[in-house]
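Keep the structure open beside you as you read.

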Amino acid sequence: MVYVNTDQKGERIRQERSRLGLSQSEFASLINKQKMAVFRYEKGERVMGQDDLEALHTAGVDVYYLITGERTQPDLLSDEAKELLKLW
């Protein structure tokens, strides 16, 4: 199996987890893993399997982004606009 750009994939996992407001432990519980597994995914030391990706998809994670780096739904709001909406 060829692993290409696992560091970028790991960074995308971290970004998506942060976007959802989940800790590593909370994210790990979505795929029935320990926190250390998520840490290793984010560091690029491990690659998620199909079962993990399917579980994340079911939980609302943008799996297409994790794999390709492209969002399934474009992010139409700036970070500043999102923060303003949170305060409203």
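Q: How many salt bridges does the count come to?
A: The count comes to seven salt bridges. Please keep in mind that this is a predicted model.

Q: What makes Lys33 and Asp52 a salt bridge?
A: The rule asks for a side-chain nitrogen of Lys or Arg within 4 Å of a carboxyl oxygen of Asp or Glu. For Lys33 and Asp52 the closest N and O atoms are 3.8 Å apart, so the pair meets the cut-off of 4 Å. Lys33 sits in the loop between α2 and α3, while Asp52 belongs to helix α4 (residues 50–58), so this pair ties together parts that are 19 residues apart in sequence. Their C-alpha atoms are separated by 9.1 Å.

Q: Why is Lys33 called partly exposed?
A: Its relative accessible area is 31%. Buried would need a value under 20% and exposed one over 50%, so a residue in between is called partly exposed.

Q: What does Lys33 touch, not counting residues up to four places away in sequence?
A: Lys33 touches Ala28, Tyr41 and Asp52.

Q: What makes Arg71 and Asp62 a salt bridge?
A: Their closest N and O atoms are 3.8 Å apart, which is within the 4 Å that the rule sets. Arg71 is partly exposed, with a relative accessible area of 30%, whereas Asp62 counts as buried at 10%. Salt bridges that share partners join Glu16, Arg19, Asp62 and Arg71 into one network.

Q: Why can the buried residues of α4 be said to line one face of the helix?
A: The buried residues of α4 are Asp52, Leu53 and Leu56. Seen down the helix axis, they fall within an arc of 95°, so they line one face. The face turned away from this buried side carries the exposed residues Gln50, Asp51, His57 and Thr58.

Q: What covers the buried residues of α4?
A: The cover includes α2, α3 and α5.

Q: What makes up the largest nonpolar core?
A: This core has 14 residues, and those with the most contacts inside it are Ile13, Phe27, Tyr41, Met48, Leu56 and Leu66. The elements giving two or more residues to it are α2, α3, α4 and α5 (63–68). Leaving aside residues up to four places away in sequence, Met48 touches Ile13, Phe27, Ile31, Tyr41, Leu53 and Leu56.

Q: Why does Trp88 count as exposed?
A: Trp88 has 86% relative accessibility, and exposed means over 50%, so the label follows. Trp88 is placed in the segment after α6 (79–87). Together with Leu76, Leu77 and Leu85, Trp88 makes a nonpolar surface patch of about 580 Å².

Q: Which pattern does the protein chain follow along the sequence?
A: The pattern is α-α-α-α-α-α, with six helices and zero strands.

Q: How much of the protein chain counts as buried?
A: Of its 88 residues, 27% count as buried. The accessible surface of the chain comes to about 6500 Å², and 50% of that belongs to carbon and sulfur atoms.

Notes. Residues numbered from 1 in each chain as written. Predicted model: local features only at pLDDT ≥ 70, side-chain atom pairs only at ≥ 80, totals over all residues. Heavy atoms only, no water. Patch = residues over 30% accessible without salt bridge, like charges linked within 9 Å, V, L, I, M, F, W, Y side chains within 5 Å. Areas by Shrake-Rupley, 256 points an atom, 1.4 Å probe, with all protein chains shown as cover. Helix = DSSP H or I, 4+ residues; strand = E, 2+ residues; numbered from the N terminus. Buried < 20%, exposed > 50% of the residue type's maximum accessible area, 1.4 Å probe, protein only. Contact = heavy atoms within 4.5 Å. Core = buried A, V, L, I, M, F, W, Y, C linked by side-chain atoms within 4.5 Å. Arc of directions from axis to C-beta.
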